[in-house]
Amino acid sequence: MDPEIAALAGTAGTTLVTLLATDTWHSVRDRVVALWQRARPDRAPAVAAELDVTREELLGARAAGDEAVEAEMGSEWQGRIRRLLTAHPELAGELRTLLAELAPDTAPAPAPTITQHATASGQAHVYQAGRDMRISGADGS
């Protein structure tokens, strides 16, 4: 599985469920259904109905103080979105845009670019790492 798709689906699932409990839920539902409409038009009406059910269950769980239900729903939608993106990776950019517009604070940030430069001369040694490094012995071995 593509780790980028998995991360995007994770963010999208959690964000989607959170937004379903807000006043913007109609817009959120319609835009998510539009993704399915482009990729799987046969599933779009069922996805709309599932989002409505998710909202009702979420509101009921919040009223009852059941915090675990929201996490479970986020995981369920994460799986649905991951399967959609795996089958239709061309939708990933559209989903990123959707997340950035609906919940700009939760949109996944692009991976940082790290550039390393080193120059050694004579008998010098240069050691670089993008993460942990362990050097043993005087000769680095």
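Helices (H or I, at least four residues) and strands (E, at least two) are taken as DSSP runs and numbered from the N terminus. On this basis the chain contains five helices and zero strands, and the order of elements from the N terminus is α-α-α-α-α. The model is predicted, so that local features require pLDDT of at least 70 and side-chain atom pairs count only at pLDDT 80 or more, while totals for chains, interfaces and linings use all residues. Residues are numbered from 1 along each chain as its sequence is written, and side-chain values use heavy atoms, with hydrogens and water left out.

Of the 141 residues in the chain, 30% are buried (under 20% relative accessible area, with exposed over 50% and partly exposed in between; 1.4 Å probe, protein chains only). The accessible surface, from the Shrake-Rupley method with a 1.4 Å probe, comes to about 9000 Å², and carbon and sulfur atoms hold 52% of that surface. Among contacts (heavy atoms within 4.5 Å) with a separation of 6 or more, 64% join residues 24 or more positions apart.

Residues up to four places away in sequence aside, Leu 16 touches Val 28, Val 32, Leu 51, Trp 77 and Ile 81.

Helix 1 (residues 3-20) and helix 3 (residues 44-64) have axes that come within 9 Å and cross at roughly 70 degrees. Axes are lines fitted to C-alpha atoms, for helices over the stretch in contact, and angles run from 0 to 180 degrees between N-to-C directions. The two helices are therefore roughly perpendicular to each other (65 to 115 degrees). In this contact, Leu 16, Val 17, Thr 18 and Leu 20 of helix 1 meet Leu 51, Thr 54, Arg 55, Leu 58 and Arg 62 of helix 3. These residues divide into five nonpolar, two polar and two charged, where Ala, Val, Leu, Ile, Met, Phe, Trp, Tyr, Cys and Pro count as nonpolar, Asp, Glu, Lys and Arg as charged, and the others, Gly among them, as polar.

Thr 54, in helix 3, counts as buried because its relative accessibility is 6%. Apart from neighbours within four places in sequence, Thr 54 is in contact with Val 17, Leu 20, Met 73 and Trp 77.

Key: Parallel < 35°, antiparallel > 145°, perpendicular 65-115°, else oblique.
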